[in-house]
Amino acid sequence: MDKLNRKAIIAGNWKMNKTASEAAVLIDELIPAVKDAGCEVVICTPYTSLVTAVEKTKGTNIHVGAENVHFEDHGAFTGEISASMLTDLGVEYVVIGHSERRQYFAETDQTVNKRTLAALNGGLKVILCVGESLTQREEGVTEELVRMQVKIALQGVTAEQMANLVIAYEPVWAIGTGRTATADQAEEVCAQIRKVVGELYGEAVAKATTVQYGGSMNAKNAEELLSKPDVDGGLIGGASLKAPDFAAIVAAATNG
Ligand code: PEP
């Protein structure tokens, strides 16, 4: 029953794909394909496509997010984008702590925490990514690692701000590999994440927090993953770049 009271969110993470012109074409395909969604639909696009995405999705049920945000509001940070720059454009969500940022751009739990606070204080909704590598899973430290990632990322986040934060469990070994976590593996870690949120903020916040799974979710496996009691949605990479595939996942969340 708790699941029915939570907001299911299917979010596309486009990564470094689509020029602004290509984004316009994809969004034109997505709008009719997801218009009857029974869940929240978000597309997180490269910075260069955000203006197009916000303009094109006005008056539709599609929400727009960025894929990262800097923790300072302005100043000498060449190449960075702040929360106020995003909200000024009409951007609503931001992905923080994606494993590709952690792996390739020296993102740490501490910088994830700083970005999370800056985003929430700046009026953005946060999709916070956590998850273990294959080695860490094989070493049996998934639970401890994910607990630690969540606890550090949420330092200084208030219970009220948790209403604007979604946690995405993304096992690194499943991202872009075609190797999906089983529905039971996804459920186990998503439930652990909810438990940590409960320890930090109490049962009511834990029950209300949306926890997504991400990692090679596609039109075929979405229904099973989304049927699990603690999996409230998905963060979708590859399959979010094809309108029919993304729409099928949205439909699975609607039914699930
Ligand atoms: C992602 O980028 O967050 C992701 C889950 O990618 P993919 O669906 O391609 O594994």
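**Helix packing, buried residues and cysteines**

The crossing of H8 and H9 is right-handed (left-handed means that the near helix is turned anticlockwise from the far one by less than a right angle, right-handed that it is turned clockwise). The model is predicted: local features need pLDDT of at least 70, side-chain atom pairs count only at pLDDT 80 or more, and totals for chains, interfaces and linings use all residues. Residues are numbered from 1 along each chain as its sequence is written, and side-chain values use heavy atoms, with hydrogens and water left out.

Two packed helices are described by the angle between their axes and the distance between the axes. Helix H8 spans residues 142-153 and helix H9 spans residues 183-201. Helices (H or I, at least four residues) and strands (E, at least two) are DSSP runs, numbered from the N terminus. The axes of H8 and H9 come within 10 Å and cross at roughly 45°. Axes here are lines fitted to C-alpha atoms, for helices over the stretch in contact, and angles run from 0 to 180 degrees between N-to-C directions. H8 and H9 are therefore oblique to each other (under 35 degrees counts as roughly parallel, over 145 as roughly antiparallel, 65 to 115 as roughly perpendicular and the rest as oblique).

Contact means heavy atoms within 4.5 Å. On the H8 side, Thr142, Glu143, Val146, Arg147, Val150 and Lys151 take part. They meet Val189, Gln192, Ile193, Val196, Glu199 and Leu200 of H9. The residues of this contact divide into six nonpolar, two polar and four charged (Ala, Val, Leu, Ile, Met, Phe, Trp, Tyr, Cys and Pro count as nonpolar, Asp, Glu, Lys and Arg as charged, and the others, Gly among them, as polar).

Valine 126 lies in strand S5, residues 125-130. Its relative accessibility is 0%, so valine 126 counts as buried (buried is under 20% relative accessible area, exposed over 50%, partly exposed in between, with a 1.4 Å probe and protein chains only). Residues up to four places away in sequence aside, valine 126 touches Val94, Ile96, Thr116, Ala119, Leu120, Asn164, Leu165 and Val166. Aspartate 2 belongs to helix H1, residues 2-5. With a relative accessible area of 35%, aspartate 2 is partly exposed. Aspartate 2 and glutamate 187 are 185 residues apart in sequence and 14 Å apart in space, C-alpha to C-alpha.

A search of the whole structure finds zero disulfides (a disulfide is a pair of cysteine sulfur atoms within 2.5 Å). The sulfur of cysteine 44 has its closest cysteine sulfur in cysteine 129, at 8.9 Å, too far for a bond. Cysteine 44 is buried, at 0% relative accessible area. Cysteine 129 is buried, at 2%.
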